[in-house]
Amino acid sequence: MSDIRALEPLALWNCFADLNAVPRPSKREERVVALVLAFAERHGLSSLLDSAGNVIIKKPATPDRENRPAVIMQAHLDMVHKAADGLNFDFDTQGIDMCVDGDWVRARGTTLGADNGLGVAAILAVLASKDLSHPPIEALFTLDEEQGMGGALGLQPGLLTGKTMLNLDSEEDDTFTIGCAGGVDTLASLDYTQAAHGPEEPFLAIHITGLRGGHSGLQIHEGRANAIKLMARILCACGVEVVALATLRGGSARNAIPAQCTAQVVILDQSRFHEIFAKEVEGIREEFRLIEPNLSITTQPVKPEHGYIPTMADHVQKPFILALQAVVNGVYRMSPVVPGLVESSSNLSLISLGNGHAEWSGLQRSSVDSSKEDVARSFAAPFQMMGMDGMNCPEVCHDAGYPGWSPSAESPILEKMKTLYRDLFAHDVKVSACHAGLEFGVIAIAYPDLDMISFGPNIHEAHSEKECCSISSVQKFWKLLTATLAAL
């Protein structure tokens with residue numbers, strides 16, 4: 001950690017190191033909230049905890065900016081907790097183990113928390129500063145961004161007075177984001193009929209590991225493999241005559257592309273299984289050899305826990321696996337308005353199946369509300385069709401979701417920051433919308449007149465154990481942030 005604390009800008013990196021010593025998963029942010037409130041008290045700043053659990057800290061303007069309107073700086077406190085396959089890491093008791101690798105800061109075997117810890121750390125560094133020029137600051141730290149935007153959805157009107165908001169949750173230092181996708185989670189569950197197999201029957205675990213995973217918004221267009229979909233493909237090819245499904249586990253977070261999946265199956269026809277399995281694995285490896293170089297698909301004998309092996313009954317397994325094979329996953333529609341932008345997508349995120357009960361979910365995103373509804377229905381449809389032959393139909397529901405943020409090309413903060421960027425770095429910045437879900441659209445429900453922009457340093461592979469951030473890019477980001485505050 002001493003190597004991290006020695007990086008420039010010192011104030012930002014030290015705040016980031018403090019954050020990464022504290023567990024902060026979505027929906028369990030109590031310890032990081034306490035850290036931020038204690039920070040405010042230590043620096044003599046006013047703070048409040050709103051009804052949704054968000055933290056707001058206010059700092060007066062420096063003497064040269066006292067007559068300027070307040071600016072809102074916003075970032076989210078939670079992070080995705082994910083460890084590499086096989087790594088014994090307890091996020092509740094262990095801080096993120098960071099290291100410097102050339103120009104990159106990485107974590108050893110886990111997510112780094114740069115999303116959105118670097119944004120939080122930058123705001124804290126501004127709040128603690130004695131020599132930075134800035135207008136009145138209203139710092140908004142939201143909760144639960146990674147698991148459904150709960151903090152932003154609960155934000156009440158009247159708490160903030162600023163009309164300009166700087167969101168620090170973007171991941172490319174040469175791009176300003178002025179629009180984002182909305183999202184909706186589709187949740188499904190099924191209580192199913194079981195069959196029993198004797199312990200003498202061959203019982204195997206199929207493991208799919210080594211995939212790149214990643215952010216289901218930012219990387220969905222790259223064609224990365226989804227481990228749950230690959231497993232469904234193998235099970236579908238085998239069919240109920242060859243394998244009986246006992247358990248199925250896959251995915252790590254609602255907004256991450258699943259990087260691993262394990263199925264436990266009873267082998268009903270060994271020769272056919274080995275033939276089909278080898279053919280499917282060969283095809284998958286060839287198809288993904290350039291995108292997923294570390295893909296691993298293996299089998300391992302399993303010892304039954306009981307005197308029998310409970311599996312899905314044939315009449316349930318067949319339509320269920322067919323539905324998993326058919327469910328929409330990946331890019332659904334490209335934007336006809338913004339070249340190269342994904343308009344709508346779907347990601348089969350999580351699955352847990354065994355002992356007569358299954359639960360699975362997906363996250364659908366779109367910058368167009370009607371398309372978001374369409375892709376969510378498309379995700380649900382194959383599972384709803386399972387009930388058409390008289391069997392139990394899965395219970396499928398959609399949450400309330402969150403809205404997208406429509407770009408505005410006439411934004412005053414955009415024009416000001418474009419000029420600043422050009423003056424600082426001698427080239428023009430890119431202006432774009434992103435397919436990830438950002439909190440602007442939700443915050444705009446309570447504060448519809450905000451002029452908003454999002455920017456940040458280069459962060460790669462967010463939501464995966466390969467997450468890393470560029471040190472030189474953080475320095476560039478800090479230079480732009482402080483120059484912006486001095487100009488507002």
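**Reading the labels on this model**

Colleague: Asn116 is found in helix α4, residues 114-128. What makes the peptide bond from Asp115 to Asn116 cis?

Modeller: Its omega angle does: in this predicted model, the bond from Asp115 to Asn116 has omega near 0°, and that is what cis refers to. Pro9 sits in the loop between α1 (2-5) and α2 (10-20).

Colleague: How do you know whether Lys27 is buried or exposed?

Modeller: Exposed means over 50% relative accessible area. Lys27 has 52%, so Lys27 is exposed. Ala426 has 71%, so Ala426 is exposed too.

Colleague: What makes the pairing of Ser346 with Gln364 a polar contact?

Modeller: The two side chains come to 3.2 Å, and the cut-off for a pair of N or O atoms is 3.5 Å, with one able to donate a hydrogen and the other to accept it. The distance is within that limit, so the pair qualifies.

Colleague: How do you know that Arg31 forms a salt bridge with Asp92?

Modeller: The closest N and O atoms of Arg31 and Asp92 are 3.6 Å apart, and the rule asks for a side-chain nitrogen of Lys or Arg within 4 Å of a carboxyl oxygen of Asp or Glu. The pair therefore passes. Arg31 is in helix α3 and Asp92 in the loop between β3 (71-76) and β4 (98-101), so this bridge ties together parts that are 61 residues apart in sequence. Arg31 is partly exposed at 43%, and Asp92 is partly exposed at 31%.

Colleague: How many salt bridges does this rule give?

Modeller: The count comes to 23. Among them is the one between Arg106 and Asp101, at 2.9 Å from N to O. Arg106 is partly exposed at 27%, as is Asp101 at 40%.

Colleague: Why are Glu465 and Lys466 given the labels they have for accessibility?

Modeller: The Glu465 to Lys466 salt bridge has its closest N and O atoms 3.9 Å apart. Glu465 is at 18%, under the 20% limit, so Glu465 counts as buried. Lys466, at 32%, falls between the 20% and 50% limits and is therefore partly exposed. Elsewhere, shared partners join Arg212, Glu222, Arg224 and Glu461 into one salt-bridge network.

Colleague: Which residues lie nearest the centre of the largest pocket?

Modeller: They are Glu172, Leu218, Ala433, Cys434 and His435, out of 39 residues in the lining. The volume of this pocket is about 730 Å³. Strand β20 gives the largest share of the lining, five residues; β8 (175-180), β18 (357-366) and β22 (459-460), like β20, each supply at least two. By class, the lining has 14 nonpolar, 15 polar and 10 charged residues.

Colleague: What separates Gln384 and Pro394 in sequence and in space?

Modeller: Gln384 and Pro394 are 10 residues apart in sequence, and their C-alpha atoms are 6.5 Å apart in space. Gln384 lies in helix α9, residues 369-384. Beyond its neighbours within four places in sequence, Gln384 is in contact with Cys393 and Val396. At 40%, Gln384 lies between the 20% and 50% limits, so Gln384 is partly exposed.

Notes. Residues are numbered from 1 along each chain as its sequence is written. This is a predicted model: local features need pLDDT of at least 70, side-chain atom pairs count only at pLDDT 80 or more; totals for chains, interfaces and linings use all residues. Side-chain values use heavy atoms; hydrogens and water are left out. Helices (H or I, at least four residues) and strands (E, at least two) are DSSP runs, numbered from the N terminus. Buried means under 20% relative accessible area, exposed over 50%, partly exposed in between (1.4 Å probe, protein chains only). On a 1 Å grid over the protein atoms alone, a cavity is a set of points where a 1.4 Å probe fits but cannot get out, and a pocket is an open set with protein on both sides within 12 Å along at least five of seven lines; lining residues have an atom within 4 Å of a point. Grid points are joined across faces, edges and corners, and a volume is the space filled by probe spheres set on the points. Ala, Val, Leu, Ile, Met, Phe, Trp, Tyr, Cys and Pro count as nonpolar, Asp, Glu, Lys and Arg as charged, and the others, Gly among them, as polar. Contact means heavy atoms within 4.5 Å.
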